[in-house]
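Please open the structure in a viewer and keep the selection tool at hand.

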Amino acid sequence: MNSYIQEQIRSYQEKYKHTGRLLIKCPDQPGIVSAVTQFLHKHEANIIESNQYTTDPHNGLFFMRIEFDSPRLPQEESVLREKFKEIGDQFNMTWTLKGAYNIKKTAIFASKELHCLRELLLEWQSGDLIADIQMVVSNHEDAKELVESFNLPFYHIPANKHIRKQVEEQQLQLLKDHEIDVIVLARYMQILTPEFVAAHPFKIINIHHSFLPAFIGANPHKRAHERGVKLIGATSHYVTNDLDEGPIIEQDIMRVDHRDSVDDLKKMGRSIERSVLARGVKWHLEDRLIVHENKTIVF
């Protein structure tokens with residue numbers, strides 16, 4: 001990692017050294033907000049941002065994201081987590097409490113098409129994507145020069161369906177060695193096995209080059225052209241064992257018409273893919289996502 005990026009990360013960690021994030025999912029009932037805010041007040045925390053959502057005010061689920069500033073962070077992060085357990089148990093919560101200064105270690109997987117990878121690297125270089133990018137992994141060497149121009153490690157691991165098990169064993173070991181928190185599939189054109197997905201639940205973000213659930217699988221632009229669609233899109237989503245059916249994080253569209261060829265659709269689609277993937281990754285890195293069943297709550 002070059003010195004410029006290292007300085008950016010140090011600057012971010014210093015800026016947010018007292019900032020914490022609390023994400024909550026639980027059955028809705030009176031008193032949740034009061035209990036949470038009183039807890040934060042008791043521990044000298046000042047709420048910077050607060051968002052909440054209830055599926056049904058009478059018999060639903062409650063979701064909440066709070067970003068707060070506390071002089072007890074980062075030294076007492078584990079202490080705050082331990083003390084919050086009482087509230088978590090009281091309201092039957094699924095929750096996380098973590099510091100914003102804990103920048104997530106990230107791995108990017110790519111293949112031959114580099115537009116999404118390039119977008120992520122440029123966003124990272126500019127300081128708009130706050131991630132600790134540990135590596136780029138690819139089954140082709142096309143990205144090598146680009147990745148190394150950013151002074152990042154590049155791992156070329158050839159992959160196909162016949163050697164998938166051996167390849168994933170090598171990849172999983174790399175991810176374990178680097179303690180990776182999030183994996184971004186930037187047009188990585190390989191299907192992951194259930195074992196790989198199970199090792200990183202809701203920590204693998206993919207970009208699919210269609211507006212899901214339309215045109216799941218391969219060649220979506222060709223099929224969209226044959227269908228005569230007037231809108232094309234892209235979808236960033238968490239990876240599950242069901243192909244292109246994981247919880248959707250972000251989507252966008254662009255208008256097209258009968259004059260556009262398949263190649264035109266692909267070209268326009270790349271622009272959508274870049275921005276949709278970058279936004280989805282940013283929201284994950286900023287702890288703005290809560291997964292519920294096969295949906296995401298985005299704060």
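In this predicted model, begin by selecting H115, C116, E119, L120 and E123 in helix 4, which meet R270, E273, R274, L277, A278, V281 and K282 in helix 9. By class, this contact comprises five nonpolar, one polar and six charged residues. Now display the whole of helix 4 (residues 115-125) and helix 9 (residues 262-285): their axes lie 9 Å apart and the helices pack at an angle of about 45°. The two helices are therefore oblique to each other, and helix 4 passes helix 9 in a right-handed crossing.

Seven strands form an open sheet in the order 7-6-5-8-9-10-11, with mixed pairing. Its edge strands, each pairing on one side only, are strand 7 (154-156) and strand 11 (248-255). From one strand to the next, the twist averages 15°.

Select strand 6 (residues 132-138) within this sheet. Is strand 6 mostly covered or mostly exposed? It is mostly covered, as seven of its seven residues are buried.

For an antiparallel pair, move to strand 9 (residues 204-208) and strand 10 (residues 231-238), which are joined by four bridges. Here N206 stands opposite H237 in strand 10.

Finally, select helix 6 (residues 164-177). Helix 6 lies across strand 5, strand 6, strand 7 and strand 8 (182-186), and runs at about 155° to strand 5.

Technical notes. Residues numbered from 1 in each chain as written. Predicted model: local features only at pLDDT ≥ 70, side-chain atom pairs only at ≥ 80, totals over all residues. Heavy atoms only, no water. Axes fitted to C-alpha atoms, helices over the stretch in contact; angles between N-to-C directions. Parallel < 35°, antiparallel > 145°, perpendicular 65-115°, else oblique. Left-handed = near helix turned anticlockwise from the far one by under 90°. Contact = heavy atoms within 4.5 Å. Nonpolar A, V, L, I, M, F, W, Y, C, P; charged D, E, K, R; others polar. Buried < 20%, exposed > 50% of the residue type's maximum accessible area, 1.4 Å probe, protein only. Pairing = 2+ DSSP bridges.
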